[in-house]
Each structure stands twice: as C-alpha cells, then as structure tokens.
Amino acid sequence: MVCNRFTVKPLLMLLFPIAALCAYFMDSYNTVIDSDMIANTLQTNISEARDLMSGKLLLYMVSLGAIPAGIIYRMPLAAMSYRAEFFCSVKSVLLSIGIMVLAIAPFSAQYASFFREHKILRYYANPVSPLFSTVRYFDKHRITGSDPARNPLGEDARIPAADTDRELVILVVGETARADRFSLNGYARKTNPGLERYQSLVSFSNMQSCATSTAISVPCMFALRDDDSVDIEKFGRTENLLDVLTHAGVSVLWRDNNSDSKGVARNVRSENFRSAKLNPTCDGECRDSGMLAGLDEYITGINQGDILIVLHQMGNHGPAYYKRYPESFNIFTPTCNSNQLEDCTVEAINNSYDNAILYTDYFLTRVIALLQSYNDRFETALFYVSDHGESLGEHGLYLHGLPNMIAPREQREVAALIWFGKNFEINLDEVTAHAADTYTHANLFHTVLGLFEVQTSVYNDKLDILRSAHR
Ligand SMILES: [Zn+2]
C-alpha cells in the first residue's frame, strides 16, 4: 500500500542504499553501524578506506541499493486527494501495527527479555539506524567554525628544581594489538623475539582499553578521567596529557603513521608520516619504522629540558593485516591476502595478524635501540600501549568497534609495556611484581606524568602504574 507521494519515494530510495551498506558490513565483518562507527568512518583516511573497498561492496551497493532504488524511482504513484491519502496512510499504519501485535503477542515475555539482553539488535534490525547514528554523531560533535578554546588543565604543572636529569621518553600508541598475541604475555607463538631479549622491560598483561575504536580510544588515553565514563565531547574541549606536559616545560612531538591524533596533538608539534614526503620507508604502505627518520636531529636540537615523542603506529590495522608488514615478516603462513576476511580461513587471518605483531616487535626494538644511544645524556624510557584489541573469529566476530556494553574481551584487552634505559631511576623488581595487576587506559595519564616527575594538582599517584617503584 503506497499512499504518500511526497515522502514515500525519496525515503524508500534512500533506505535501500543504506540497507545495502548495513548488509555488507554485517555480512563481511559482523559489525553494526552505530554513531561510533560513523565517527570512525568520518575520521578515517583514504588508504584505510581503500582497505575496506572491494568488488563485493560494489556488488552489494548496486544489487541491493541502486537497482531497487531505480525501480522505486520508476514506479508511478497514483495521484490522490489529500483526504484519501490521509486515510490511506492511517489504514496502512494500523494494519502494520496489527500485524506486529499478532506476531509478537504470543511470545511477548521472551521478546521483552530478549531485546533487553540484546540491545544491539536495534542496530541490526533497523535500516534507519545508520541515519539515526549519523544525526546523533553530528549532534554530539556540533563544533562550529574554528577550534573553540579548550578548558585548561594542569596549568600548575612544573618539574621540581631538584630533578636535574633530563628525561627522554618515547610513547608509542599501538594499533589493534591484543595482549594475548604477545609472546611476552605467554602466547605460544614467538611473536616478540626482539622484545624478549631485554631485561629492563615489563609487559603489563592485564590492560583494559577505554573503548574499542581508534576515534574514541586515542582521545581517551590522553584525557584526565575522574571516572569510567567515556565522554568524547568533553575530551575534545579539555586540554590533555600533552598540554599538561607542555605547561611543565616538556618538549612534545607527535608523529603519526595512522589516521591522525584525533585532536590530541592540537597544541603540540605534529608531523604526518603517512606519505613518502617525510617517511623514507614507503613501499605502497608507509612503514611505522619510518617515523624514526630524523629523530636524532630533533633530539640533539633541543638543548635543555625533557622530551616526549609520541609515535602513533599503523600497527595491526585491519582488515588488510597482510599489508601491515614487509615480505620478510611473512613468517606464519598461509596468510590471508585479501580484505575480504570471509574469503580466508580463520587460521590464515590469524597468521597475517600475528605477522603484523612480529613487525611491531621489530619496530619497538628499533625504538629501544634509538633510546639506548641517548643513555649517557638522558634517562630514557619507552612506553607502549595499544589503543584497542581485535576480534579474530571468536564468536564469529571480526575487527573491532562494538559498543563497550557488548564488546567481547578480545576487543578491549590490549598489549602494553615499558622499557627503561640504564640510567632511569626505577625499582624494576617493584614494577615487575605488579606487572599482572589490572590496569586501564586511565592509568596512562598519571604514569607518564610520573615518568617525567611532573608536579601538578591533576596528578594522582594512585593511578600511576610505577608509583611504588618511584620511591
Ligand atoms: Zn585503532
């Protein structure tokens, strides 16, 4: 029954392509389009987006989107009087409700608890939800014109005069690295052959991510959080860890081989390593190790004070894990050489993923080697924390980005570790004793301030992973 000539046609024509996109994502990656997914989509870059494109997507969009929309477009609508149209609409709404009541009533008890337990179904079942999610995203992010001034944070931060040693810390923001895929944490495959050689390295095997996507986790990692809530809007309008360090006089540099800093590096020097312009190791894919190029000049160019360098990795970004490492890291085989994960066996997908972890292991050893060359001039340390985990076929799920409420543990248990240079004043036994404690991304803010011995009212030593080891 088609009644309304003004809204029915355009609405139906719009719904089909959206439904086609939903069907593609559900079928290919078992994932749903909520407002966080919209955020990921809008903040992604061209090469990441290209990883998701495929002939299959085109097929879905044409066969389930464009063709039905075309048929609707060509369908003639009978011209009715407004009165007839009104009654026709009322009739069809009542009829639809009647059918729904008849279908659901006999099972109402089951349905009520079923929908309460599985809230995600409203995204699965409803083709309008991506539209709703998009509106909600823009509503949440109603930032107009230029960057608004941000609420200051930790303006009282300073480094005590007694701390005369210079600190050089490299903070690596990892991408999609699961804790249980690091052999440092007991994974049966040797995925950390490089890092396992270091004595003064502690892997934190029980670190929980703030969220399950880059767009939310990265701002969250650098934010001061008073509780477990994840208020991305608040993170955006408040200064973060990098600003507090700047207030204390630390030189901060952000280098990015991922999408971007998600606004975190807004007030500090930031460099893009996703193209061959700055990154010397691009072979179709710009490698994370390229972010080390020219760091010597940067470090030696700063004559006084402490230095923090943040390296934002491409890491294990999916679904094209096979693109994340050079040929020489193709150790676990056979691999999945497609972004169509359903074309591959679970084993092949996991092999590609583990090879990408091997490459991160190599990258981190390169970072440590660079820091070691400054041991005589600085107290050096590497702090590595991944932004979120990844589903690799567990419960039939792939990739990441499910809302925290329903996200499986694989998407939130992330790899994290600290390596200390030989002059770093730290009680290593004390740190090691607490390596398996439960930590979250909320600890990062305070732990980094602790590494630099920054004094500020926003520092909470109870959340500093190294608190007992400092003394
Ligand atoms: Zn990520």
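Where does histidine 395 sit? Its place is in the loop between strand S8 (391-392) and strand S9 (398-399). Helices and strands here are DSSP runs (H or I, at least four residues, for helices; E, at least two, for strands), numbered from the N terminus.

## Before you start

What you're looking at is a predicted model: local features need pLDDT of at least 70, side-chain atom pairs count only at pLDDT 80 or more, and totals for chains, interfaces and linings use all residues. Residues are numbered from 1 along each chain as its sequence is written.

Histidine 395 is exposed, with 8 other C-beta atoms within 10 Å. For burial, the rule is simple: a residue is buried if 20 or more other C-beta atoms lie within 10 Å of its own, exposed if 12 or fewer, and partly exposed in between, with C-beta atoms placed from the backbone.

Glutamate 453 also has a positive phi, near 55 degrees, and is likewise a residue other than glycine. You'll find glutamate 453 in the loop between helix H15 (442-451) and helix H16 (467-470). It counts as partly exposed, with 18 C-beta neighbours inside 10 Å.

Then there are the cis peptide bonds. One runs from glycine 318 to proline 319, with omega near 0 degrees. Another joins threonine 333 and proline 334, with omega about -5 degrees. Proline 319 lies in the loop between S6 and helix H13 (346-372), and proline 334 lies in the loop between S6 and H13 too.

## The seven-stranded sheet

Seven strands make an open sheet in the order S2-S11-S7-S1-S6-S4-S5, and the pairing is mixed. To count as a pair, two strands need at least two bridges between them, as found by DSSP. Strand S2 (201-203) and strand S5 (269-272) stand at the edges with a single partner strand each, so one side of each is left without a neighbour in the sheet. From one strand to the next, the twist averages 15 degrees; axes are lines fitted to C-alpha atoms (for helices, over the stretch in contact), and angles run from 0 to 180 degrees between N-to-C directions.

Zoom in on strand S4 (residues 251-256) and strand S6 (residues 307-312): they run parallel and are joined by six bridges. Tryptophan 254 stands opposite valine 310 in S6.

## The three-stranded sheet

There's another open sheet, of three strands in the order S10-S3-S12, again with mixed pairing. Its edges are strand S10 (413-414) and strand S12 (439-440); each has a single partner strand, so one side of each is left without a neighbour in the sheet. Strand S3 (residues 207-208) and S10 run antiparallel, with two bridges between them. Methionine 207 has valine 414 as its bridge partner in S10.

Helix H5 (residues 82-104) has 23 residues, which at 1.5 Å a residue should span 33 Å; its end C-alpha atoms are 33 Å apart, which agrees. The expected span is 1.5 Å times one less than the number of residues. Of those 23 residues, the number buried is zero, so H5 lies largely in the open.

H15 is mostly covered, with ten of its ten residues buried. Among them are Leu444, Phe445, His446 and Leu449. The buried residues of H15 pack against strand S1 (167-174), helix H9 (214-221), helix H11 (241-247), strand S7 (379-386), S12 and H16. Contact here takes two C-beta atoms, placed from the backbone, within 7 Å.

## The core, and a loop residue

The largest nonpolar core has 95 residues, and those with the most contacts inside it are Leu245 and Leu382. H13 gives the most to this core, with 13 residues. Such a core is a set of buried Ala, Val, Leu, Ile, Met, Phe, Trp, Tyr and Cys residues joined through C-beta atoms within 7 Å. Not counting residues up to four places away in sequence, leucine 382 touches Ile170, Val172, Leu364, Val367, Ile368, Leu371, Ile418 and Trp419.

Asparagine 151 is in the loop between helix H8 (129-140) and S1, and is exposed, with 9 other C-beta atoms within 10 Å. Leaving aside neighbours within four places in sequence, asparagine 151 is in contact with Arg237, Thr238 and Glu239. Asparagine 151 and lysine 234 are 83 residues apart in sequence and 9.5 Å apart in space, C-alpha to C-alpha.
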